[in-house]
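I have kept to what can be checked against the coordinates.

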Amino acid sequence: SCLLILLGLGLGGIVLAVAKKAEYQLEPNMFFLFLLPPIVLDSGYFMPSRLFFDNIGAILTYAVVGTLWNSFTTGAALWGLHRAGLMDPGVEAGLMDFLLFGSLISAVDPVAVLAVFEEVHVNETLFIIVFGESLLNDAVTVVLYKVFNSFVELGPAHIHATDYVKGVASFFLVSLGGTAVGLLFAFLLALITRFTKRVRIIEPLFVFLLAYVAYLAAEMVSLSAILAVTFCGICCKKYVEANISQKSRTTVKYTMKTLASSSETIIFMFLGISAVDTSKWAWDTALVLGTLFFILLFRAVGVVLQTYVLNRFRLIPLDRIDQVVMSYGGLRGAVAFALVILLDRTKVKAKDYFVATTIVVVFFTVIVQGLTIKPLVTWLKVKRSDHHKPTLNEELHEHAFDHILAAVEDIVGHHGYHYWRDKWEQFDKRYLSQLLMRKSAYRLRDEIWDVYYKLNIRDAISFVDQVG
């Protein structure tokens, strides 16, 4: 990621020197419509769904409460700096302008987090919490951004109490609506692949087409497109993988990975190229340093406070070392840059200063934090991910413990997580799997036979790889 940004800076510098103007920019429409969807789809489709839903409470807390905390505290603190006279007089911004800037600069970016955390190989729980937060907090970020942007356009004098109520309501509408769109298209995709046995060649096409249509449909009705494609990927995979052929599964996997990697490459290069265009930004040292200090400070404080509350309910608590990595892993990226470019200069007078600050924050978090997080993880002796494949014995014991814990919860009358998961699995087995899977695929769902079959296939592939 760092090398791609530096390469982009170099290319941008050459173009600027030759053409005397910056020819290429990371356009927000290109980013949101073409570059972001493949990355989010890849993340959702290959998300370890059990791990994700095991930690959904923590992920939602950090994504919603954490983003709200970071946005309001960063914006208010920067406004305080401005009121104290520490910023350049050219930074013409009020409280709403700073809250708007705080909302876009607080977004933990899934592209940057994925690029860095996949290299570091921290343990699965830590990875899924930070990565899940970076995916889901975009719903909060986009809503806050739109609400504060409309408040800035209205002007502080014209904002009424009903506008604040509408803002809160729009948050729930955008996030829950986006999720509902994703679930609807996941259902459609699973249902369609049930009937593609005679036309195997178009199976991968349906997977990409319907996932992208889910993104566009949510975007068209101003819902969270990122949540739509994330939940479409997470919820359809089980049924789609059971329905489509082995060749189609391989095609989907490698095409998705290729598109996501290509998009990441283009995004980081364009970030470097866009930063060279000095006509689009203006510098203020107090704003830049203040933003860097406040985003680091308030993220650390927010993580500590939220983890303190969450650990009272978690079976496996997050220790101090995990909290340090989570605080340090809040990387900002192209989402923040695209949102700041979308600002209207006539309404937000300080747009040029905000653009410069965003570029510095993105470069600092990706280059400085991104490069130092691996040594930090090694120095703190953070538990790394264990890549061994589970044995048949381990998989059978895991299923057995799930049923035992659900039974214990049922006996003591406490309907907790295991109870509801067991109920969902029964509902899925009785209705959804029978509706969304081909009969031949569903017959193979006998659990012990299924595990044995998967391990046999895995051993055969491993044997062929080793022996040739």
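1. Basis of the note. This is a predicted model, in which local features need pLDDT of at least 70 and side-chain atom pairs count only at pLDDT 80 or more, while totals for chains, interfaces and linings use all residues. Residues are numbered from 1 along each chain as its sequence is written, and side-chain values use heavy atoms, with hydrogens and water left out.

2. Overall fold. The protein chain has 19 helices and 0 strands, where helices (H or I, at least four residues) and strands (E, at least two) are DSSP runs numbered from the N terminus. Its radius of gyration is 24 Å, which agrees with the value near 23 Å that a compact globule of 468 residues would have; the radius is taken over C-alpha atoms, and the globule rule is 2.2 Å times the number of residues to the power 0.38. Along the principal axes, the C-alpha atoms fill a box of roughly 70 × 55 × 50 Å.

3. Of the 468 residues in the protein chain, 49% are buried (buried means under 20% relative accessible area, exposed over 50%, and partly exposed in between, with a 1.4 Å probe and protein chains only). Among contacts with a separation of 6 or more, 83% are between residues 24 or more positions apart, a contact being heavy atoms within 4.5 Å.

4. Helix H5. In helix H5 (residues 95–105), 10 of the 11 residues are buried, including Met96, Asp97, Phe98 and Ile105. The cover over the buried residues of H5 includes helix H4 (56–83), helix H7 (124–154), helix H8 (161–193), H12, helix H14 (334–341) and helix H15 (351–379).

5. Salt bridges. The structure holds 11 salt bridges, each defined as a side-chain nitrogen of Lys or Arg within 4 Å of a carboxyl oxygen of Asp or Glu. One of them joins the side chains of Glu398 and Arg50 at 3.4 Å, N to O; this pair links distant parts of the chain, with Glu398 in helix H16 (residues 392–412) and Arg50 in helix H3 (residues 49–54), 348 residues apart. Glu398 counts as partly exposed at 40% relative accessibility, and Arg50 is also partly exposed, at 33%.

6. Asp402 and Arg421 meet in a salt bridge at 2.9 Å, N to O, linking helix H16 to helix H17 (residues 417–436) across 19 residues. Both Asp402 and Arg421 are buried. Salt bridges that share partners join Arg50, Asp54, Glu398, Asp402 and Arg421 into one network.

7. A further pair. Asp344 forms a salt bridge with Lys347, the closest N and O atoms being 3.8 Å apart; Asp344 is partly exposed at 31% relative accessible area, and Lys347 is partly exposed at 37%.

8. A loop position. Ser279 lies in the loop between helix H11 (246–275) and helix H12 (285–310), where Ser279 is exposed, with a relative accessible area of 55%. The C-alpha atoms of Ser279 and Thr265, 14 residues apart along the chain, are separated by 25 Å.
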